[in-house]
Amino acid sequence: MTGHHETGCLICGAPVVYTEPARRRCAVCGKVFKADAVCERGHFVCDACHAAGLPGYIRKMAASAEGDPIRLLETVFRQDGVHMHGPEHHAILPCALLVAYKNCGGDIDLAKAIPVALERGGKVPGGTCGYWGVCGAAAGAGIYASIVTGATPLTDAVWTAPQKLAAECISAIAALGGVRCCKRTSFTAAIRAAEWTREITGIALPASRPVCSLYPKNRECLGAACPYFPIK
């Protein structure tokens, strides 16, 4: 599998199209899945193979002393094997927020929290922005909030906390318009999550204003309509 960031197929680079769900064989692992995304040449890559290198990128990020979640995201996004779009972003975001939270003084054990974020984020499939009405970046922010607050389906005091953050992220993401861009939505959710962290926990995360450097690799880039597009 190639290591490019481009929007297209990870096997051949052809544009990916969305179709009626059908059983498809992953071009990498050979397993068969019910899927609705395939490239114009018929290649399908499952979510697990799409995110195959993720644990290694996250371990490297977790060793960083950086407290700015935007800079942490940018570091991971520049790694070979992290693609322009894909379900791996649903786990990258909560992990970046957890690392930033810890490095800014938050009381959390990353050795326990990161595996939980990876496991939960890995359950959010690709395409949820269009098919569920829930962008995976917003779900990732909710995962972060759940871990930080210790929320479960039965924790009365904090049950609403991750839902409120996820809802605020969805609103902010939707306000920017589409189509999909996993970088734009991740940055937007991280900025709102940093604000939420300060409001709820008192921990200040210094979220800088991102300037996208990957837009040339995104066929669907909104250009100047994106708030992170570099102004010439």
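Predicted model: local features only at pLDDT ≥ 70, side-chain atom pairs only at ≥ 80, totals over all residues.
1. Helix 7, which spans residues 136-149, and helix 8, which spans residues 161-175, have axes that come within 8 Å and cross at roughly 155°. Since angles over 145 degrees count as roughly antiparallel, this crossing makes helix 7 roughly antiparallel to helix 8. The crossing in which helix 7 passes helix 8 is right-handed.

2. On the helix 7 side, the residues that meet helix 8 are Ala-137, Ala-138, Ala-141, Gly-142, Tyr-144, Ala-145, Ser-146 and Thr-149. Their counterparts in helix 8 are Ala-161, Pro-162, Leu-165, Ala-166, Cys-169, Ile-170 and Ile-173. Sorted by class, this contact of helix 7 with helix 8 consists of 12 nonpolar and 3 polar residues, with no charged residues.

3. A second pair is formed by helix 3 (residues 69-77) and helix 4 (residues 89-103), whose axes come within 9 Å and cross at roughly 135°. Helix 3 and helix 4 are therefore oblique to each other, and helix 3 passes helix 4 in a right-handed crossing.

4. The contact between these two helices brings Pro-69, Leu-72, Leu-73, Val-76 and Phe-77 of helix 3 against His-89, Ile-92, Leu-93, Ala-96, Leu-97, Val-99 and Ala-100 of helix 4. By class, the contact of helix 3 with helix 4 has 11 nonpolar residues, 1 polar residue and no charged ones.

5. Ala-96, which lies in helix 4, deserves a separate comment. At 0% relative accessibility, Ala-96 counts as buried, and, when residues up to four places away in sequence are not counted, it touches Met-61, Pro-69, Leu-72 and Leu-73. By contrast, the C-alpha atoms of Ala-96 and Val-17, which are 79 residues apart along the chain, are separated by 30 Å.

6. Turning to charged side chains, the count of salt bridges comes to 6. One of them joins Asp-68 and Arg-71, with the closest N and O atoms 3.8 Å apart. Which of these two partners is buried? Asp-68 is, with a relative accessible area of 3%, whereas Arg-71, at 46% relative accessibility, counts as partly exposed.

7. Another salt bridge connects the side chains of Lys-123 and Glu-119, at an N to O distance of 2.8 Å. Lys-123 counts as exposed at 61% relative accessibility, while Glu-119, at 39% relative accessibility, counts as partly exposed.

8. The side chains of Glu-220 and Arg-180 also meet in a salt bridge, at 3.5 Å from N to O. This pair links distant parts of the chain, 40 residues apart, with Glu-220 in the segment after helix 9 (182-201) and Arg-180 in the loop between helix 8 and helix 9. Glu-220 is partly exposed, with a relative accessible area of 27%, and Arg-180 counts as partly exposed at 23% relative accessibility.

9. Finally, a network of salt bridges links Glu-168, Arg-192, Glu-195 and Glu-199.

Key:
Residues numbered from 1 in each chain as written. Heavy atoms only, no water. Axes fitted to C-alpha atoms, helices over the stretch in contact; angles between N-to-C directions. Helix = DSSP H or I, 4+ residues; strand = E, 2+ residues; numbered from the N terminus. Parallel < 35°, antiparallel > 145°, perpendicular 65-115°, else oblique. Left-handed = near helix turned anticlockwise from the far one by under 90°. Contact = heavy atoms within 4.5 Å. Nonpolar A, V, L, I, M, F, W, Y, C, P; charged D, E, K, R; others polar. Salt bridge = Lys/Arg side-chain N within 4 Å of Asp/Glu carboxyl O. Buried < 20%, exposed > 50% of the residue type's maximum accessible area, 1.4 Å probe, protein only.
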